[in-house]
Every structure is written in structure tokens, then in C-alpha cells.
Number of protein chains: 2
Amino acid sequence: MFKRVVICGVGLIGGSFALALRQAGLVETLVGVGRRRETLEEAQQLGLIDEIATDWAVALKGADLLLLAMPVGQMSAVMAAAAPHLEPQTLVTDGGSTKADVFEAVYSHLNHCLANVVPAHPIAGAEKSGPSAAFAELYRGKRVVLTPLPENAPESIERVRAAWAACGAVVSQMSPQDHDRVFAAVSHLPHLLAFGLVHQIQGRGNAEQLFGFAASGFRDFTRIAGSHPEMWRDICVANRHALLAELDAYLTELAYLRALLMQGDGAGLESLFAEASAARNAWAEKYLK
Amino acid sequence: MFKRVVICGVGLIGGSFALALRQAGLVETLVGVGRRRETLEEAQQLGLIDEIATDWAVALKGADLLLLAMPVGQMSAVMAAAAPHLEPQTLVTDGGSTKADVFEAVYSHLNHCLANVVPAHPIAGAEKSGPSAAFAELYRGKRVVLTPLPENAPESIERVRAAWAACGAVVSQMSPQDHDRVFAAVSHLPHLLAFGLVHQIQGRGNAEQLFGFAASGFRDFTRIAGSHPEMWRDICVANRHALLAELDAYLTELAYLRALLMQGDGAGLESLFAEASAARNAWAEKYLK
């Protein structure tokens with residue numbers, strides 16, 4: 001399916017894509033590009049990539065597919081650097097968690113090849129990052145959302161869809177605006193809230209005592225606060241408008257909860273908790289197996 | 001060690017205590033008391049208790065130890081009902097997640113036997129509740145915090161400590177005020193926040209779409225939103241002063257995060273995320289094995 005696939009950012013997302021494509025037998029040569037030589041060498045030693053390219057001209061010579069899998073804050077600079085070397089047949093997709101900013105970067109730098117650029121967001125992650133965290137099954141059964149451009153050629157969308165599907169993903173499509181609103185609500189806001197809770201506790205004089213009595217509820221609630229700071233900085237900045245709207249809706253919810261607590265309104269609290277609990281359990285029943 | 005142990009509330013907490021004491025060979029007869037006959041019968045069939053008592057006089061006749069393991073909102077009424085039947089040798093402990101309110105109930109109803117009443121909070125839970133959720137290993141390696149009364153006899157504290165230790169728990173002591181502040185921060189607030197997030201999403205027109213794209217971050221962040229609504233109503237009402245103080249501290253944190261987002265301050269966000277991430281990962285390294 002692909003003779004030469006170039007992966008920019010050979011960490012969890014890019015490395016797992018490489019391993020999955022290889023396992024599916026769909027690629028001849030995998031080429032790694034990235035900021036740090038050590039990371040690329042580690043990825044090569046781990047068998048994620050066959051070649052390291054230090055130069056976009058060399059990397060993209062004869063390339064069928066380019067995956068951009070860096071933190072979203074680097075998208076624009078990387079697209080600008082890669083743009084002159086994209087060939088007519090080269091498809092471009094990405095692994096960014098936000099899409100409006102990727103669109104902006106695409107229209108700024110890749111105007112000459114809009115037919116071939118199909119943005120994507122794989123809904124898969126882990127606390128670990130870097131090449132050693134990559135594994136071929138990361139995308140198995142996970143969702144990948146494509147946010148095609150109006151200018152995309154139908155066969156480009158289909159080939160990019162097929163590449164992600166070959167990794168085991170369940171592929172769907174959305175507009176970038178819908179995408180960013182949905183993920184602000186169910187992913188970006190929870191990350192912000194978890195980072196905030198841990199930050200707020202660790203700054204206290206009795207942080208050691210507090211952490212010492214934290215148990216399984218705290219463990220699960222804050223798992224995502226262990227996530228990659230740079231990646232989440234970029235997501236929050238890129239998607240700050242949708243995220244602010246979500247944060248404000250949540251602050252309204254907290255103001256309501258605060259009023260119930262102030263009034264000692266047990267019935268009001270119980271009814272809210274019962275609705276949340278029923279919804280959470282219904283969600284788990286439907287989506288967690 | 002104990003001839004007759006009475007468990008009021010034969011669910012996850014009470015039932016697991018019963019099973020663990022039995023497994024440790026420390027009890028001859030286990031007696032169950034509770035609101036609902038069916039629950040008591042289920043507990044008896046599951047072997048959590050030997051006898052069902054429908055009357056406090058019968059239940060407490062010759063009892064060595066009474067465990068109060070109902071939602072904390074029932075503490076005061078249960079203590080008032082049990083009080084006339086407590087014998088001079090009967091120790092009392094409880095499994096309540098808040099302690100200032102338990103103290104208030106103790107001083108209201110159990111003034112005649114303060115030497116023997118040693119409040120406790122086992123830091124162990126699960127999403128499931130009821131007799132069928134109970135298991136003997138629930139407390140193994142988990143913390144139990146005793147909040148003794150100034151009036152406690154040292155040997156009462158020691159016997160209650162030994163009972164919880166026999167369940168496999170790591171027992172420590174704290175004042176009820178410190179207890180309630182610590183758990184407001186690391187347990188009660190995260191529960192409130194998780195309930196609030198799910199409640200806020202499930203009330204929307206596009207809730208189905210949002211839930212459909214929620215992934216592992218959402219799953220873990222909201223696990224505790226599936227908790228028992230009545231239990232958490234009681235905890236939030238009982239500990240509302242400490243919880244309001246925590247909520248307000250958290251709202252200050254969110255106001256700061258909101259300002260960083262408004263300004264698109266990537267450096268500020270990254271620095272906060274990096275501190276939180278380092279603290280979360282250090283906590284996991286130390287406490288999760």
C-alpha cells in the first residue's frame with residue numbers, strides 16, 4: 001500500500017502507527033524525522049523506523065505518506081519546513097488532539113497540496129510517552145476521527161482512512177469545529193481539572209500528609225495529571241476558545257454545587273449525584289467492556 | 001478476641017469487616033442489624049453474619065463490639081437507638097468517611113460510654129455496594145484512621161486498633177478536624193468534581209455524541225462519579241464546611257487556569273502542568289505498587 005512512509009515525531013503516537021502499519025504488511029520503508037537525534041536513534045533501535053532523515057528533502061523523496069505526530073504547537077513550523085518537499089503523490093495526515101489549529105497551519109503552509117492533506121485525531125493515549133512507549137496494538141478498537149478538508153480528493157480521504165483502519169482503529173468523520181468542541185468537553189477539560197487539583201494540593205504546606213492519605217479515588221481522578229506537560233500546553237492553547245467555553249459551563253455547575261453545600265441541601269445533592277451516577281454507569285455499561 | 005460482634009449495615013464496609021474478622025479467627029458470633037430485612041437475609045446467606053437481630057436489645061446482649069457501617073447521615077439516629085442497650089464491655093467503632101459529625105452524634109447519644117467509643121475511617125471502597133460486594137481482603141494493606149475521643153480508655157483504643165489491624169489494615173490516628181480537612185481535599189472534593197462533570201455533560205442536547213467520544217481519560221476521571229448517591233450526599237452534608245473550603249481553594253486554582261487560557265499563556269500553563277505532572281508521578285511512584 002505504501003512504499004515510503006515518513007513519521008515526524010517517533011513517540012507513542014508516531015511509533016505505534018509505524019509498528020501497526022508494519023504489522024499489517026502495508027509499508028516497505030519507514031523513515032523517522034524529529035527534533036532530537038537520540039530519540040530517532042532509540043526509535044531505530046526499537047525497530048519503529050528503518051531510516052533516520054535529518055533533512056526534509058531526503059526524507060520526503062518518493063514518500064507516499066507523511067504522519068505528523070508531534071505536539072500540536074509544532075505543527076505550523078513543521079508544515080512550513082516540509083512544504084517545499086512534498087511530492088504530488090504524498091498524502092499527509094496527523095495525530096494532533098486539536099483540529100482548528102491544524103487547519104489554520106494547513107491553509108498557511110500547504111495550500112499547494114490541499115487535495116492530499118487529511119487531518120486526523122487518534123483517540124488513544126497512555127501516561128507514558130516516547131519511542132519506548134509505542135506498541136503495535138495502541139490503536140486496536142480505538143476511535144480515529146478524520147476531519148477532512150473541503151479540498152480533499154476523495155481517494156486521499158479513502159487512503160488515509162484505510163491506513164488508520166489498518167492500525168485497527170474505528171474511523172469516523174467530523175468537522176474540525178465539532179471535533180474541537182467535543183474533545184474540549186470529554187478530554188481537554190478533564191485534563192485541565194486534574195492538573196489543577198494536583199497542582200493545588202502539591203503547593204500546600206501539608207502536601208505530604210494529604211498525598212499520604214490519597215487512595216484509589218484520587219489515583220484514578222488524577223491519572224491524567226501525569227500527562228505530558230508540553231503536549232497539554234499545546235492542546236490547551238490551540239483549543240483555548242472551546243476549552244474556555246467548557247470551563248465556564250463547568251464553573252456554573254460548581255457554583256450550583258457550592259450553593260447546595262452552603263444550604264446543606266441533601267436532597268438537591270443526592271438528586272444531582274444520582275443523575276450523574278446513573279449516567280456514568282450507563283456509559284460504562286455501553287462503552288467499557 | 002470477640003465473642004459477639006454486631007454489625008449495623010452489612011454492605012461492602014460492614015460485610016468485609018465481618019468476613020475479615022472471621023477469617024482472622026477473632027470472632028465467635030457475628031450479628032447483623034439494618035434497615036432492610038432483605039439485605040440482612042442476603043448477608044446471612046452469603047455467610048457474612050450468623051444471626052439477624054431485629055431489635056437492639058437482643059442484638060447487643062453480651063456484645064463485645066459494635067461496628068456502625070451505615071451512611072453517615074444515619075449515625076445519630078442509630079446511636080440514639082442503640083445507646084440504652086450498650087453494655088459496659090461493648091466497644092463501638094464505625095466506618096464513617098467523616099468524623100466531626102460522628103463526634104457530634106457520639107457526644108449527643110453515647111455520653112454514658114465515652115471510654116469505649118473509638119471512631120474510625122477505613123480508607124477502602126469500591127464502586128459496588130451491598131452485601132454481595134463484600135470480601136475479606138478489602139482492608140488488606142489499606143489505611144484505617146482512628147480518631148479517638150479524649151475520654152477513650154487506652155485499652156479500648158488498643159482493642160479497636162487490633163480489630164482493624166486484624167483485617168489487614170495499616171492503622172493510624174488523627175484528630176477528627178484534621179481527618180475531615182485531609183479527606184475533604186483528597187477524596188470528597190474529587191468526588192464532587194467528578195459528579196459535577198458527568199452531570200453537566202449528561203444534561204446537554206448532544207450528550208450522546210459527547211459520551212460516544214469519551215475515552216480512557218474520561219473513564220478514569222469519572223469512575224468515582226458512579227459512586228453511591230446517598231452515601232456521598234451524607235458525606236458532603238456532614239463535611240460541608242471543610243469541603244466548601246476545599247472547593248473555594250480549587251475555584252481559585254481554576255480562576256488562575258482560566259486567566260492563563262484567556263491570555264494564551266503557554267509558558268504559564270506548561271509550568272503549572274509540569275509541576276502537577278511531576279507531583280502526580282512522584283505520588284504514584286511512592287504509593288502505587
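1. Contacts of A:Asn152. In this predicted model, A:Asn152 touches A:Leu114, A:Ala115, A:Val117, A:Val118 and A:Ile157, leaving aside neighbours within four places in sequence. The residue sits in the loop of chain A that runs between β7 (143-146) and α6 (154-166). Its relative accessibility is 9%, so A:Asn152 counts as buried.

2. The backbone oxygen of A:Leu114 is 3.0 Å from a polar atom of the A:Asn152 side chain. For the backbone oxygen of A:Val117, the distance to a polar atom of that side chain is 2.8 Å.

3. Helix α4 of chain B. Which residues of α4 (residues 75-82) are buried? They are B:Met75, B:Val78, B:Met79 and B:Ala82. These residues lie on the same side of α4(B), because they cover an arc of only 100° around the axis.

4. What α4(B) packs against. The buried residues of this helix pack against both strands and helices of chain B: the strands are β1 (2-8), β4 (65-68) and β5 (91-94), and the helices are α3 (56-60) and α5 (100-109).

5. B:Trp56. This residue belongs to helix α3 of chain B. With a relative accessibility of 15%, B:Trp56 counts as buried. Not counting residues up to four places away in sequence, B:Trp56 touches B:Val6, B:Cys8, B:Val33, B:Leu66, B:Val78, B:Ala81, B:Ala82 and B:His85. Among them, B:Val78 and B:Ala82 are buried residues of α4(B). B:His85 is 29 residues from B:Trp56 along the chain, yet their C-alpha atoms are separated by 6.6 Å.

6. Extent of the interface. How many residues does the contact between the chains take from each? It takes 81 residues from chain B and 81 residues from chain A. The area buried between chain B and chain A is about 7,800 Å², and carbon and sulfur atoms give 69% of that area.

7. On the side of chain B that touches chain A, two or more residues come from each of β7 (143-146), α7 (176-202), α8 (207-213), α9 (216-221), α10 (229-238), α11 (240-262) and α12 (266-287). Of these, α7(B) gives the most, with 17 residues. By class, this side of chain B has 48 nonpolar, 16 polar and 17 charged residues.

8. Salt bridge counts. Over all chains the count comes to 32 salt bridges. Across the interface of chain B and chain A there are 10.

9. B:Asp220 and A:Arg223. These side chains meet in a salt bridge, at 2.4 Å from N to O. The pair crosses between chains: B:Asp220 is in helix α9 of chain B, whereas A:Arg223 is in the loop between α9 (216-221) and α10 (229-238) of chain A. Are the two partners buried or exposed? B:Asp220 is buried, because its relative accessible area is 12% and the cut-off for buried is under 20%. A:Arg223 also counts as buried, at 15% relative accessibility.

10. B:Glu208 and A:Lys286. This salt bridge has its closest N and O atoms 3.4 Å apart. It too crosses between chains, from helix α8 of chain B to helix α12 (residues 266-287) of chain A. Both B:Glu208 and A:Lys286 are exposed.

11. B:Arg22 and B:Asp50. This salt bridge lies within chain B, with the closest N and O atoms 2.7 Å apart. The pair links distant parts of the chain, 28 residues apart: B:Arg22 is in helix α1 (residues 12-23), and B:Asp50 is in the loop between α2 (37-45) and β3 (51-52). B:Arg22 counts as partly exposed at 30% relative accessibility, and B:Asp50 counts as partly exposed at 32%.

12. Which residues are joined into one network by salt bridges that share partners? They are A:Arg35, A:Glu230, A:Arg233, A:Asp234 and B:Glu270.

Note on methods. Residues are numbered from 1 along each chain as its sequence is written. Chains are lettered from A and ligands numbered from 1 in the order in which they are written. This is a predicted model: local features need pLDDT of at least 70, side-chain atom pairs count only at pLDDT 80 or more; totals for chains, interfaces and linings use all residues. Side-chain values use heavy atoms; hydrogens and water are left out. Buried means under 20% relative accessible area, exposed over 50%, partly exposed in between (1.4 Å probe, protein chains only). Helices (H or I, at least four residues) and strands (E, at least two) are DSSP runs, numbered from the N terminus. The arc is that of the directions from the helix axis to the C-beta atoms. Contact means heavy atoms within 4.5 Å. A polar contact is a pair of N or O atoms within 3.5 Å; within protein, one must be able to donate a hydrogen and the other to accept it, and residues adjacent in sequence count only if both atoms are side-chain atoms. Buried area is the accessible area (1.4 Å probe) that two parts lose on being put together, summed over both. A salt bridge is a side-chain nitrogen of Lys or Arg within 4 Å of a carboxyl oxygen of Asp or Glu. Ala, Val, Leu, Ile, Met, Phe, Trp, Tyr, Cys and Pro count as nonpolar, Asp, Glu, Lys and Arg as charged, and the others, Gly among them, as polar.
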